[in-house]
Amino acid sequence: MTLAETPAGLRILHLSDTHLFSDGSLHYGRVDTLAALDRTLARAAALDAIDAVVATGDLSDDGGEESYRLLASRLAPFAADRGAELVYAMGNHDLRTGFEAVLGARETVTLRRGFRIATLDTSVPGAGYGALDAAQLERLAEILAVPAPHGTVVALHHPPVPAASALLAALELSNPEALLDVCAAGDVRLIVAGHYHHALAASARGIPVVVAPGVANSSDPIAPAGTERAVTGSGFAVIDLPVEGDPQALFLPAPGPEDGVEIFDLDAAEVERIAAAAGSRA
């Protein structure tokens, strides 16, 4: 089977961290994130067979309604042309008022081809780390109490697996074990997330976890300990989840003219300052 053919299970185009601006501002004064999204979708356009486009948070950088309208103006026709479901999840940069006004509910359940996709809002207003409260976990447990024919995909921004860098480690999901307790007790077959701005495939409690590369930029997971570094570059994931068995994830770049140009290189002191300002869970 090629990527242009329809898989037997569920195929997900997984995007994350688009960081769009309402006024066209450049991310870190350098990156045109709308252009980066357009390049990413142009690269992904070869995927005629897509069942769901899942965007896992930090969709906007400023939380303004216009930034969400720009996102929808790209993703909605892209998904519609392919007969794909379109699923959005909240990130820590997203603002609830703007998100809800344009994209709708912050937590949703979508059914496609016998699979269920459930989104969770891990954002904490004013903070960079993520959290899920007891009510959210109870709602997820109620959803999972009735199994889907082919299982459930949980989509959220903050991954329930550790980050590779010091700053992101301070901005992780604060209660991953509570989430994994609920997922492991239900029919969850895959967790998709963003936030880290680099590709990651992992497993937690036997559940595959796929973190998509960032559309806005790429973080350096092997930067020296205690520091944080990012370069220009965009990517996305294509995930095939079969009716039975483990998913397969492919991580693909969306090449741009300045790929690899350094955006920032923060020393340990600056990382600590930003982590504190963003409300480090530590």
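# Exercises on a predicted protein model

The protein exposes about 11,100 Å², and carbon and sulfur atoms supply 54% of this area. The model is predicted.

## Exercise 1. Overall form

Determine whether the radius of gyration agrees with that of a compact globule, and describe the fold in outline.

*Solution.* 

Step 1. For 282 residues, a compact globule would have a radius of gyration near 19 Å. The value for the protein is 17 Å, which agrees.

Step 2. The C-alpha trace spans about 50 × 40 × 35 Å along its principal axes.

Step 3. The secondary structure comprises seven helices and 14 strands.

Step 4. Of the 282 residues, 54% are buried. Among contacts with a separation of 6 or more, 73% are between residues 24 or more positions apart.

## Exercise 2. The largest pocket

State the volume of the largest pocket, then identify the residues closest to its centre and the class make-up of its lining.

*Solution.* 

Step 1. The largest pocket holds about 550 Å³ of space.

Step 2. Its lining consists of 25 residues, and those closest to the centre are Tyr28, Asn92, His93, Leu167 and Leu171.

Step 3. Two or more lining residues come from each of helix 5 (166-169), strand 11 (228-231) and strand 14 (262-266).

Step 4. Sorted by class, the lining of the largest pocket contains 11 nonpolar, 10 polar and four charged residues.

## Exercise 3. The second largest pocket

Give the volume of the second largest pocket and describe its lining.

*Solution.* 

Step 1. The space in the second largest pocket amounts to about 180 Å³.

Step 2. There are 14 lining residues, and Val31, Asp32, Arg39, Thr232 and Glu258 lie nearest the centre of this pocket.

Step 3. The lining of the second largest pocket is made up of five nonpolar, four polar and five charged residues.

## Exercise 4. Positive phi in one loop

Locate Asp17 and Tyr28, give the phi of Asp17 and of Tyr28, and decide whether Asp17 is buried or exposed and whether Tyr28 is buried or exposed.

*Solution.* 

Step 1. Most residues other than glycine have a negative phi.

Step 2. Asp17 has a phi near 55°, a positive value in a residue that is not glycine. Tyr28, also not a glycine, has a positive phi of about 55°.

Step 3. Asp17 belongs to the loop between strand 1 (10-15) and helix 1 (33-44). Tyr28 is likewise in the loop between strand 1 and helix 1.

Step 4. Asp17 has a relative accessible area of 0% and is therefore buried. Tyr28 has a relative accessible area of 51%, so Tyr28 is exposed.

Step 5. Tyr28 is also one of the residues closest to the centre of the largest pocket.

## Exercise 5. His198 and Leu200

Assign His198 and Leu200 to their elements, and list the contacts of His198 and of Leu200.

*Solution.* 

Step 1. His198 lies in the loop between strand 7 (188-193) and strand 8, whereas Leu200 is in strand 8 (residues 200-204).

Step 2. With a relative accessibility of 11%, His198 counts as buried. Leu200, at 22%, is partly exposed.

Step 3. Apart from neighbours within four places in sequence, His198 touches Ala164, Val211, Ala212, Pro213, Gly214, Ser219 and Pro221. On the corresponding basis, Leu200 contacts Val161, Pro162, Val209, Val210, Val211 and Phe251.

Step 4. For Leu200 and Leu167, which are 33 residues apart in sequence, the C-alpha to C-alpha distance is 17 Å.

Definitions and conventions. Residues numbered from 1 in each chain as written. Predicted model: local features only at pLDDT ≥ 70, side-chain atom pairs only at ≥ 80, totals over all residues. Heavy atoms only, no water. 1 Å grid on protein atoms, 1.4 Å probe; cavity = no way out; pocket = protein on both sides within 12 Å on 5 of 7 lines; lining within 4 Å. Points joined across faces, edges and corners; volume = space filled by probe spheres on them. Helix = DSSP H or I, 4+ residues; strand = E, 2+ residues; numbered from the N terminus. Nonpolar A, V, L, I, M, F, W, Y, C, P; charged D, E, K, R; others polar. Rg over C-alpha atoms; globule rule 2.2 N^0.38 Å. Buried < 20%, exposed > 50% of the residue type's maximum accessible area, 1.4 Å probe, protein only. Contact = heavy atoms within 4.5 Å. Areas by Shrake-Rupley, 256 points an atom, 1.4 Å probe, with all protein chains shown as cover.
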